[in-house]
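Hi,

Here is the structure I said I would pass on. Have a look at it first, and then read my notes below.

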Amino acid sequence: MSAAGETPFIVFFEDIYNQPAEVGKALLLRLFTFLDIDPADHSEYDALVNDALFNRGQKTSSVLEKVPNIEELRAKLDTLSNGFDKVFIPS
């Protein structure tokens, strides 16, 4: 991806959920900063993060079905990753 000018921010589910809550929260904050999302702009940020960390699960399939262009994104990722090892290093 870097050869294509893309800089990924890789987050593994386990890095957020299988850590003490403060470690997961810190990683989420880094992710949101990378995405240029300011938690201060979201009045329920703390409640939503706590709910996600303590009451929710991964549920990947239910999230993916909500991405309107998931097939297009998968195809683009496949194109960008051609010739590269399929090894990710956590951000």
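**What I found**

Tyr45 is buried, at 17% relative accessible area (buried is under 20%, exposed over 50% and partly exposed in between, with a 1.4 Å probe and protein chains only). Before I go on: this is a predicted model, in which local features need pLDDT of at least 70 and side-chain atom pairs count only at pLDDT 80 or more, while totals for chains, interfaces and linings use all residues. Residues are numbered from 1 along each chain as its sequence is written, and side-chain values use heavy atoms, with hydrogens and water left out.

Now the overall layout. The protein chain has five helices and zero strands (DSSP runs numbered from the N terminus: H or I of at least four residues for helices, E of at least two for strands). Of its 91 residues, 16% count as buried. The chain exposes about 7100 Å², and carbon and sulfur atoms supply 56% of that (Shrake-Rupley areas with a 1.4 Å probe; for residues, only the protein chains shown count as cover). Take the contacts (heavy atoms within 4.5 Å) between residues at least 6 apart in sequence: 62% of them join residues at least 24 apart.

Back to Tyr45, which belongs to the largest nonpolar core. That core has nine residues: Phe9, Ile16, Leu27, Leu28, Leu31, Phe32, Tyr45, Val49 and Leu53 (a core being a set of buried Ala, Val, Leu, Ile, Met, Phe, Trp, Tyr and Cys residues joined through side-chain atoms within 4.5 Å). Helix 2 gives the most to it, with four residues, and helix 2 and helix 3 each supply at least two.

Next, the aromatics. There are three aromatic pairs in the structure (rings of Phe, Tyr and Trp, the last by its six-membered ring, with centres within 6.5 Å; planes under 30 degrees apart are stacked, over 60 edge-to-face, the rest tilted). One of them is Phe13 with Tyr17, stacked at 4.5 Å centre to centre and 20 degrees between the planes. These two sit four residues apart in helix 1 (residues 13-17), so about one helical turn separates them. Both are partly exposed: Phe13 at 24% relative accessibility and Tyr17 at 26%. Phe32 and Tyr45 also pair, and because their ring centres are 5.8 Å apart with planes at 75 degrees, that pair is edge-to-face. Phe32 lies in helix 2 (residues 21-34) and Tyr45 in helix 3 (residues 45-55), so the pair ties together parts 13 residues apart in sequence.

Leaving aside residues up to four places away in sequence, Phe32 touches Ile37 as well as Tyr45. Ile37 is in the loop between helix 2 and helix 3 and is partly exposed at 34%. With Phe34 and Leu35, Ile37 makes a nonpolar surface patch of about 250 Å² (patch residues have over 30% relative accessible area and no salt bridge; like charges are joined within 9 Å, nonpolar side chains, meaning Val, Leu, Ile, Met, Phe, Trp and Tyr, within 5 Å).

Last, the salt bridges (a side-chain nitrogen of Lys or Arg within 4 Å of a carboxyl oxygen of Asp or Glu): the count is two. Lys25 bridges to Glu22, with the closest N and O atoms 3.8 Å apart. Glu71 and Arg74 meet at 3.0 Å, N to O; being three residues apart in helix 5 (residues 70-81), they are separated by about one helical turn.

Cheers
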